[in-house]
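User: Could you walk me through a protein model I have just opened? I am new to this and would like to ask questions as I go.

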Amino acid sequence: MKATIRFLYRKNFFYIVVSNSVVLTIRPMSGRLLIYFFIVSFIGLVGCRSNTNEKGKKDDKDLVHRDLAEIQEDGVLRVVTTYSSTSYFLYKGQPMGYEYDLLKRFAKHLDVRLEISVSNDLDTMFQRLMDGEVDLIAHGLTITNSRKEKFAFSEYLYLTHQVLVQRKPQNWRKLGWSKLQSSLIHDPIELIGDTVSVRANSSYLDRLVNLSDEIGGIIHIDTLSGDLSTDRIIEMVANGEIKYTFADNNIASINASYYPELDVSVPVSFSQRMAWALRPNSPELERNLNDWIKTMKDGVAYYVIYNKYFKNERDFRRRENSELYSMNHNNISPYDDLIQASADSLGWDWRLMAAMVFQESKFNPDLESWAGARGLMQIMPRTAERFGVTDRTDPKQSVRAGTEILELLWNRFEDIPDSVQRIKFTMAAYNCGYGHVDDARNLAYEEGLDMYRWDNHVEETILKLSYPEYYNKPVIKYGYVRGIEPYTYVRQVFDRYANYSHFIEREMPEEMTGTQ
């Protein structure tokens, strides 16, 4: 099927539509300039199509080949998703989100590590996918014919439809029902002559152009930046910055639970399938993903996850009102100022230190482990005596003592040249003790591995120290250690740090650090 090109001109707005997708919107301008843009844009479109086949895809030989086998051999699934209140965000130190929760399970299913990057611009997402930078776009994308010509899509995750997001009058609570209803739009046809704001290069923009065509009247389109999230655009309607927008019903409804001044009851589309996108030349990944999605949808866990982010209005409002919600604040925990000071003294990124504190105690100063460790940094009783800690539940004393211990361990690994590797050795020693890490380094040297590198070298030998044939070797001084604990500890801290880095700025606000 060949791509179709349409040119729409409505009240000085000029649209170029390829296979039902708006690819160019031209603002009001003089007639001569309009004709000029028409000619240049048409030539550009024709030129661009010369490098694609009749379906709009790149030739297979031009596509990056990275399918399931390459992903499993590499051990990493690379995914791009959006930073939004439903897809991926940080709350009370925990990465969360509909896409995030599903991705964790899918990566575990593949037995690979999950590597997430963030973008709110659809063009950037698709470009990164086709360039081979990511294997999957994990975002609720509407499956359209024009998109199917270029990309592969997973089994649909859910059905939704687009709705009009509009703001009720200022005094809407005092209005009678009939007056309130008369102030709102109830049918898309009432949008004729009015303006709707939607994100560039989105299915909302495509739907708006098609709707204007269907109802036989002009709906003026205000095209917003492609990197604005749907949540942010809905907030703009609630704040009166824009008049109307379109949004998927599930996203609009959960946001409207926080903004009661919004009305999201008017549908503007039929049901649409929402899915994730893949490169068209990764059939094994597509097949495996589809089988996994079908299995998930046959069980309970999938619907628990969906309801958690799209149906649970109480939890959504609680997050929106929390200072520990990354969509609103640059905070990770109530102890960020203490952590910042501790990290500064060590020369570490404070977000990395925060990830370690979360790993120790989930920011609960009263937490006590089965072994008797207690507090934010899980200090043992004898260690508390040594470092002058009189109350292990006191955040200041706990973080101070933990920092002093980390500094001592850091200094003992001064022979390790790479600073990131040195931090990983330090963290591992904090978890299981310096002696066991030193044993693992000696075992790595004996086995021809790099004793100065934790990743894929010493982390592998510390796992072996759980087995007698290794911990009974002459080179081993401290014997058995449950190596899976420091192995997992370091990996989870750095994975969490990667998540924190997506949401939280390294430079803390002055009011948090106490500087003027």
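Analyst: What follows is a conversation about this predicted model, moving from the whole chain to single residues.

User: Okay, how many helices and strands does the protein chain have?

Analyst: The protein chain has 22 helices and 16 strands, and 53% of its 516 residues count as buried. Its accessible surface comes to about 24,500 Å², and carbon and sulfur atoms make up 49% of that surface. If you look at contacts with a separation of 6 or more, residues 24 or more positions apart account for 67% of them.

User: Which residues of the largest nonpolar core touch the most other members?

Analyst: That core holds 110 residues, and those touching the most other members are Tyr98, Leu102, Trp348, Met356, Met427 and Tyr430. Helix H14, covering residues 350-361, gives the most to this core, with eight residues. There is also a second, separate core of 16 residues, which includes Tyr204, Val209, Ile219 and Tyr244.

User: And what is Leu102 in contact with?

Analyst: Leaving aside neighbours within four places in sequence, Leu102 is in contact with Leu157, Trp276, Trp292, Met296, Tyr302 and Ile305.

User: Tyr204 came up in the second core. Which buried residues does H7 have?

Analyst: The buried residues of H7 are Ser203, Tyr204, Leu205, Asp206, Arg207, Leu208, Val209, Leu211 and Ser212, which makes nine of its 12 residues, and the helix is therefore described as mostly covered. Just after H7, Gly216 takes a positive phi of about 65 degrees.

User: Switching topic, is strand E8 enclosed or open?

Analyst: Strand E8 is largely enclosed by the rest of the structure, because seven of its seven residues are buried. Leu136, Ala138, Gly140 and Thr142 point one way from the strand, while Ile137, His139 and Leu141 point the other way, and the residues on both sides are buried.

User: Which strands are joined to E8, and do they run parallel or antiparallel?

Analyst: E4 and E8 run parallel and are joined by two bridges, with Val79 standing opposite Leu136 of E8. E8 and E16, on the other hand, run antiparallel and are joined by three bridges, and the bridge partner of Ile137 in E16 is Ala277.

User: What do the buried residues of helix H4 pack against?

Analyst: They pack against strands E4 (76-81), E7 (113-118), E8 (136-142) and E16 (272-278), and against helix H5 (145-148). The buried residues in question, within H4 (residues 122-130), are Leu122, Met125, Phe126, Arg128, Leu129 and Met130. At the start of H4, a side-chain oxygen of Asp121 reaches to within 3.2 Å of the backbone nitrogen of Asp123, and just after the helix Gly132 takes a positive phi of about 85 degrees.

User: Where do Lys362 and Gln378 lie, and are they buried or exposed?

Analyst: Lys362 lies in the loop between H14 and helix H15 (381-386), and Gln378 is found in the loop between H14 and H15. Lys362 counts as exposed because its relative accessibility is 55%, over the 50% cut-off, whereas Gln378 is buried because its relative accessible area is 12%, under the 20% cut-off.

User: Last one: what does the side chain of Thr403 reach?

Analyst: The side chain of Thr403 reaches the backbone oxygen of Val399 at 2.7 Å. Thr403 has its place in helix H16, residues 395-412, and counts as buried at 9% relative accessibility. Not counting residues up to four places away in sequence, Thr403 touches Ser342, Ser345, Leu346 and Met353.

Technical notes:
Residues numbered from 1 in each chain as written. Predicted model: local features only at pLDDT ≥ 70, side-chain atom pairs only at ≥ 80, totals over all residues. Heavy atoms only, no water. Buried < 20%, exposed > 50% of the residue type's maximum accessible area, 1.4 Å probe, protein only. Helix = DSSP H or I, 4+ residues; strand = E, 2+ residues; numbered from the N terminus. Polar contact = N/O pair within 3.5 Å; in protein donor to acceptor, adjacent residues only side chain to side chain. Contact = heavy atoms within 4.5 Å. Pairing = 2+ DSSP bridges. Areas by Shrake-Rupley, 256 points an atom, 1.4 Å probe, with all protein chains shown as cover. Core = buried A, V, L, I, M, F, W, Y, C linked by side-chain atoms within 4.5 Å.
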